[in-house]
Structure formats: C-alpha cells, structure tokens
Amino acid sequence: MNTHGEVATFETDQASCDGRERLIRAAVEKAHPNALRVALYQATADPALAAMPAERKPFWGGTYYQVMLADGDVEVLRRKALDYLLSNPAATNELPSDVVLRRYMEIFNGGVVDDFTFAMGKEELSFEDFPRGVDWESEPSQNAKAAFHVIIIGAGAAGLAAAVQLDRLGVPYTVVERNAGVGGTWWTNDYPDSRVDIVSHNYQLSFMRNYPWQHYFATQPELKAYFQMIAETYDLLDRIRFNTELVEAQWDEETASWHTRLRHADGTEQTLVGQVLISAAGLFNQPNLPDIAGIESFKGRIFHTTAWDHSYNPAGKRVGLIGVGSTGAQLVPALARSAAALSVFQRSPQWVGKRDGYRDRVDAEVQWLFDNMPYYWNWYCFALFHTMFDIEGLQTYDRAWQAAGGFVSERNDLLRENLKEYVGAKVGHRPDLARHLIPDFPPLAKRLIADNGWYDALLRPNVELVTEGIERITPSGILTRDGCHRDFDLIVLCAGFRTNAYLWPVRYEGRNDQTLEQAWEKDGARAYLGMTVPNFPNLFIVYGPNAQARAGGLMAWLEIWVRYAVKSIAMMIENGVRSMDCRPEIYEDYNKRLDHTLEECIWGGAKSYYVNEHGRQNTNMPWHPRDYYNWVRKPNFDDYRLR
Ligand SMILES: Cc1cc2nc3c(=O)[nH]c(=O)nc-3n(C[C@H](O)[C@H](O)[C@H](O)COP(=O)(O)OP(=O)(O)OC[C@H]3O[C@@H](n4cnc5c(N)ncnc54)[C@H](O)[C@@H]3O)c2cc1C
C-alpha cells in the first residue's frame with residue numbers, strides 16, 4: 001500500500017502478459033523512480049504523481065544523498081507508467097515554460113529549488129535543441145562576421161563544442177589538432193579497459209540528445225566513436241587541421257590579432273592569423289614521463305599509457321607497472337588477466353571505491369524507455385545532475401568538527417569510513433596487503449578512483465604489490481631500494497600527465513612582449529575565472545587553471561566555458577570591439593580571494609596532480625559550483641578592458 005492508501009498491483013499478472021507488456025514492465029521496473037514520476041507527470045498532469053512525497057535520503061552510509069520515493073509509491077508509479085506506455089502515447093515537442101519547469105523540478109526535489117539548480121538544471125534537461133547555445137543580440141553583417149577568424153586549439157570535446165557554437169553563429173574558425181583524429185583524451189588513451197569513471201549520461205554534450213550509450217560508464221572505443229559522430233553530424237571535419245600542432249602564438253596589438261606558428265607532423269610549418277584564440281588543449285594532453293634513473297637503459301618494451309603499443313601482446317609476459325593513479329588502477333585488472341606475472345609499483349596508496357554498475361551495459365529495456373517514455377531521458381539526466389551537486393561539506397574543512405576530534409568534516413569522515421570498510425570487505429583477510437591500501441589523506445583530496453577490479457586483481461597469485469621505492473631501472477628490469485631486482489619483458493608507465501603546465505609547451509606572447517610563462521613564473525598558472533589573463537587579449541582558456549568545478553559533469557563545464565568565450569566573441573563582433581582582456585585589478589582581486597578560499601579546501605593535504613611544483617593547488621575551483629556557475633554563465637564585460 002502506498003502513502004495514499006492505494007493498493008499496489010504492479011507485480012501481479014506477470015505470467016499472463018504478452019511480449020510487449022513484458023518489455024514495458026521490465027523497463028519501468030529498471031527506471032529511476034523519481035525521474036519516471038516527473039516524466040509521467042509532465043506527460044499526464046496526474047495530480048497523484050505530484051502528490052507523492054519525495055525525500056532526500058542518504059546512500060553510501062550517508063556520504064551522498066538522492067531524492068527518493070516511498071516504496072509503496074514506487075509500485076503505484078510503475079503501474080501508472082505501465083498503463084500509460086501500453087496506450088502508445090505520443091510525445092509533444094512543446095517546451096515547458098520556465099514557471100512550469102520550475103514546478104516540475106520542485107516536484108522532483110520535494111521542495112523549492114534555488115535559482116542555480118533551476119538554471120543549470122534546465123540546461124541539463126536539454127529540452128531545447130541547444131541548451132547552452134549562444135545567440136546574437138542583434139545579428140551583425142556577414143562582413144562583420146567574416147572580419148573575425150577564430151582559431152580553436154584542440155579537437156577534443158571542448159574544441160568540438162566551440163566549433164559547433166561558432167558554426168551556429170556563422171563565425172569563421174579553424175580547429176588545429178595535433179592528433180590524426182577527434183576525441184582528444186579518448187583518441188589518445190586507448191590502453192586496455194580505458195573508460196570513464198563518471199556516468200556516461202552525465203558525460204555528454206547537451207546538444208546531442210539521447211545518445212544510445214552502450215555502457216553506464218562508456219569505454220574508450222565508445223567515447224571515441226561518440227566524438228567522431230559529433231564531428232560528422234555537425235560537419236566539422238573539413239574545418240579541422242589534423243596532425244597540426246600549435247607551437248607559438250604572438251599577439252599583434254596593431255592588427256588586434258594572434259599570429260600563430262603551426263607545425264605539421266612532417267615537420268613543415270605555416271602561419272595562421274586569427275583575431276581570437278580558444279585554447280581547448282585539455283588538461284591531460286602532455287604525458288608525464290617519470291624521471292627514474294636508468295630508464296633509457298631498459299632493453300625490453302617500455303611505454304606510457306598514452307602510447308599503448310597494440311602490436312605488443314603482454315599475454316604470458318612479465319610486466320612491471322609503475323604508478324597507481326586513476327589510469328594505473330584501471331589498467332591493472334586487464335594486465336593481471338593476461339600477464340604471467342605483474343608487479344605493481346605503488347608509491348603511495350589511493351582511495352579506490354566502488355562504483356555501482358561500473359561495467360554494466362545499458363540494457364535494451366532501459367534504452368527502450370529512453371526512446372519511448374516521453375521526457376524520461378531528460379529527467380534521468382536531471383537526476384544524475386541533482387545528486388552530483390549535493391556536495392556540501394565533502395571537500396571543505398569543518399573547523400568545529402575538527403576541534404571535536406574529526407578529520408575533515410562529518411561527511412568526508414563518513415566517506416573515509418565507507419571506503420575503509422570497502423577495502424576491508426575486499427582484502428581484509430589479507431592484512432599484509434590491506435595495510436598498504438589505506439591512504440593517510442582524506443578521500444577527495446586526490447581524485448577518487450573507481451574500483452575496476454583493482455582489489456580482486458591484487459589478490460591473484462600472479463600479481464604482486466610492490467611498495468618499496470624504485471632505485472633505478474636496469475637493462476633487464478627494476479631495482480628497488482631494498483636491493484631486490486625484478487626482471488621484466490614490459491614496463492608500463494602510468495605516471496599521468498603534466499597537468500599543471502597549462503598550455504605548455506606552446507609559447508604565448510601577449511602584450512608588451514610578455515609570455516604566459518613570465519606571467520605565471522611566481523607560483524604557476526592563474527586565470528580569471530579559470531579563463532582569461534590580463535595582457536593576453538582575445539585568448540580564452542577552456543579547462544584552465546583552478547577551473548575544475550567541485551561537482552557536475554565535466555562536459556557541462558566545458559560547454560559553459562565555451563559559451564563564455566563565444567558570448568565574448570559575439571559581443572566583440574556586434575559592437576565593433578577589437579580586443580578584450582581581463583582588467584589587472586580584477587585578476588589580482590580574484591586570485592587573492594581564490595587563495596584565501598583554497599585554505600578551507602582539502603586538496604592541499606595530499607601530493608597529487610592538483611598541486612603544482614610551488615605547492616599550490618591549481619586545478620580545482622575552490623568555491624561552490626553554484627557560485628562559479630553564476631559568475632561564468634555570461635561574461636561581465638566590466639571586468640574587461642575593451643578596445
Ligand atoms: C585516461 C583518462 C581518463 C579520464 N576519465 C575522465 C572521466 O572519467 N571523467 C571526467 O570527467 N574526465 C575524465 N578525464 C579528463 C578528460 O581529459 C576530460 O574529461 C575531457 O576529455 C577533456 O576534454 P578537452 O576537450 O578539454 O581536452 P582533451 O580531450 O584533452 O582534448 C584536447 C585536444 O587538444 C589537442 N592539443 C593540445 N595541445 C595542442 C597543440 N599545441 N596543438 C594542437 N593540438 C593540441 C590534443 O591533442 C587533444 O586532442 C580523463 C582523462 C584521462 C587522460
């Protein structure tokens with residue numbers, strides 16, 4: 001019985017139903033209840049659906065929260081959804097008004113929604129064709145548009161999103177891409193078992209609706225195909241110069257343009273002039289090659305995960321793997337399955353946690369529901385977004401909690417306990433191993449790693465965890481500091497990326513002959529809102545310094561940064577503005593506040609790629625994403641010198 005006294009009947013009559021009904025029943029049963037409820041309400045306006053109480057309930061031992069329905073209501077909901085779907089409903093393409101949409105969100109939320117949730121939630125719902133699209137305020141002439149040429153560096157997700165936006169506006173552009181194809185990270189990182197560790201439906205561009213992901217956590221081939229599909233659908237391929245690297249960019253004040261030097265794969269060079277540069281070069285585009293003595297002397301095979309040699313079969317080989325960050329930990333199970341012996345060299349332990357459905361396929365029933373239940377896909381995406389933003393206290397210190405003996409905050413400490421319990425459940429019977437797998441830093445101080453079978457792999461008889469430091473690499477293997485030498489056929493370097501070397505090795509020379517390197521020499525890369533730097537006019541950095549928001553899917557943020565850049569370009573063209581650069585005083589003030597806010601965040605407490613060589617965390621955004629979203633939703637041109 002549900003909270004209104006109705007008797008649930010969904011589970012009955014299973015035997016008598018036909019194939020179609022069985023499919024719908026299965027689909028409805030697998031649906032996210034609250035997303036299904038709001039979709040059905042949007043389709044039917046059935047007041048009983050709106051009246052079902054929704055409550056914020058903890059999961060993962062209170063670390064995270066999601067809005068749930070009572071079990072009895074779920075049964076009634078399923079019955080109603082089944083009846084509705086059996087009636088072969090037709091979706092309308094009518095866009096709900098903002099007032100109506102807010103009401104739907106409130107039903108989902110079980111209470112008021114704030115302006116941020118409404119604004120970003122509306123984008124995540126993707127009811128519009130281009131939820132983050134930029135439109136002209138007053139469309140300029142073709143000549144005005146043609147006078148502006150934009151150079152986009154990189155054809156990963158961000159570069160493609162920028163190209164699509166400029167295409168819509170009819171602004172000329174060229175994409176410059178070092179690789180031979182699109183997809184960026186997912187073009188390069190094709191090592192075995194490479195996949196995302198956030199849900200695919202939250203790792204997608206908002207203008208491509210209901211993409212049929214095969215996995216809840218998409219694999220690298222799927223992701224590569226996804227970006228290829230986007231490039232083809234929007235006809236971008238002709239505008240991308242592949243196998244071409246930006247080497248240098250120089251600002252010319254007189255012509256208000258960037259003069260770039262491009263190098264092709266065959267070593268030849270050319271110049272290209274553009275009024276605006278959008279650097280969509282990514283955070284993870286320069287592999288970090290570890291500085292280990294003797295590395296060049298190794299006579300076997302050795303490669304970084306970004307340069308996986310698919311012609312080499314590790315089956316039956318002795319393999320050494322160096323580094324257990326996200327990539328190393330993800331790769332270990334695949335190598336463990338085939339190698340004769342695998343030695344995993346770990347400098348320090350990482351928090352590796354369970355991800356529900358990490359290897360699951362999106363089954364046919366669920367995809368059927370996405371395709372056939374009006375609005376369900378939209379509300380499913382909204383549900384993912386909604387859960388992700390409930391982050392209060394996870395990454396910031398609670399000083400009162402600490403004074404009372406806690407580590408970080410109630411929520412972060414809970415997460416730590418849950419993760420410890422998980423490690424215990426996995427390897428607790430092997431205390432010799434378990435003691436090397438519990439980090440001494442708080443979870444989320446480094447990127448939390450998804451368990452891809454990491455613990456199970458470590459328990460295999462052919463796998464060994466080596467925690468002794470590496471002394472050097474020898475011609476035949478690896479010597480550790482305790483004097484132990486291991487022979488290998490293959491050494492895999494999982495040493496990550498030079499994430500703090502923003503935009504490196506490109507030489508950017510702005511106004512007054514100043515280079516970015518000089519502007520950043522004191523303590524590493526900085527940018528206003530993670531995007532712009534004084535004296536580097538018309539340069540927009542996507543995924544720039546301290547821009548990585550504490551919550552939300554990265555694809556959403558890439559689109560938001562791109563929108564900021566494209567809105568700025570549109571403003572310049574519309575108003576005859578030739579250049580814009582951040583006011584130095586705005587930049588200084590922003591960075592002061594940034595440093596101050598960072599003191600309350602947990603990332604400084606661990607050695608990770610978040611922290612640069614000056615000891616400053618310069619990857620993550622310290623403020624709540626709600627604030628950041630409001631600042632970057634549209635540019636405030638008062639923050640800029642316009643010429
Ligand atoms: C193995 C791996 C797994 C990841 N998993 C996740 C995940 O699960 N979830 C998540 O949110 N993020 C993940 N990331 C982060 C990932 O990089 C982003 O999600 C996303 O791909 C960033 O897109 P982008 O377009 O900004 O950059 P990229 O995908 O890095 O694309 C940048 C492009 O710019 C090109 N480029 C760079 N410099 C130049 C130059 N000078 N000249 C010409 N071209 C240039 C590069 O070749 C590249 O194609 C992962 C990263 C890695 C490496």
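# A tour of the predicted model

Start with two domains: the centres of domain 2 and domain 3, taken over C-alpha atoms, lie 32 Å apart. This is a predicted model, in which local features need pLDDT of at least 70 and side-chain atom pairs count only at pLDDT 80 or more, while totals for chains, interfaces and linings use all residues. Residues are numbered from 1 along each chain as its sequence is written.

**Stop 1: the domains.** Colour domain 1 (19-113 + 359-388), domain 2 (144-285 + 499-642) and domain 3 (295-351 + 414-493). These bounds come from an automatic or database domain assignment. Now find where domains 2 and 3 meet: 13 residues of domain 2 are in contact with 15 residues of domain 3. Contact means that the C-beta atoms of two residues, placed from the backbone, lie within 7 Å. The domain 2 side of this meeting divides into five nonpolar, five polar and three charged residues. Here Ala, Val, Leu, Ile, Met, Phe, Trp, Tyr, Cys and Pro count as nonpolar, Asp, Glu, Lys and Arg as charged, and the others, Gly among them, as polar.

Stop 2: Helices (H or I, at least four residues) and strands (E, at least two) are DSSP runs, numbered from the N terminus.

**Stop 3: the open sheet.** Show five strands in the order β5-β4-β3-β9-β21, with parallel pairing. β5 (240-241) and β21 (539-541) are the edge strands, each pairing on one side only. Strands pair if DSSP finds at least two bridges between them. Zoom in on β4 (residues 173-176), which two bridges join to β5. Val176 stands opposite Arg241 there.

**Stop 4: a hairpin.** Select 257-264 and 269-274, strands β7 and β8, which pair in the antiparallel sense over six bridges. Thr260 faces Leu272. Four residues lie between the strands, and Gly267 in the turn has a positive phi of about 95°.

**Stop 5: Asn452.** Go to the loop between β14 (449-450) and α17 (454-458). Is Asn452 buried or exposed? Asn452 is buried because 24 other C-beta atoms lie within 10 Å; 20 or more make a residue buried, 12 or fewer exposed, and anything in between partly exposed, with C-beta atoms placed from the backbone. Show Ser194 too: 258 residues away along the chain, its C-alpha atom is 10.0 Å from that of Asn452.
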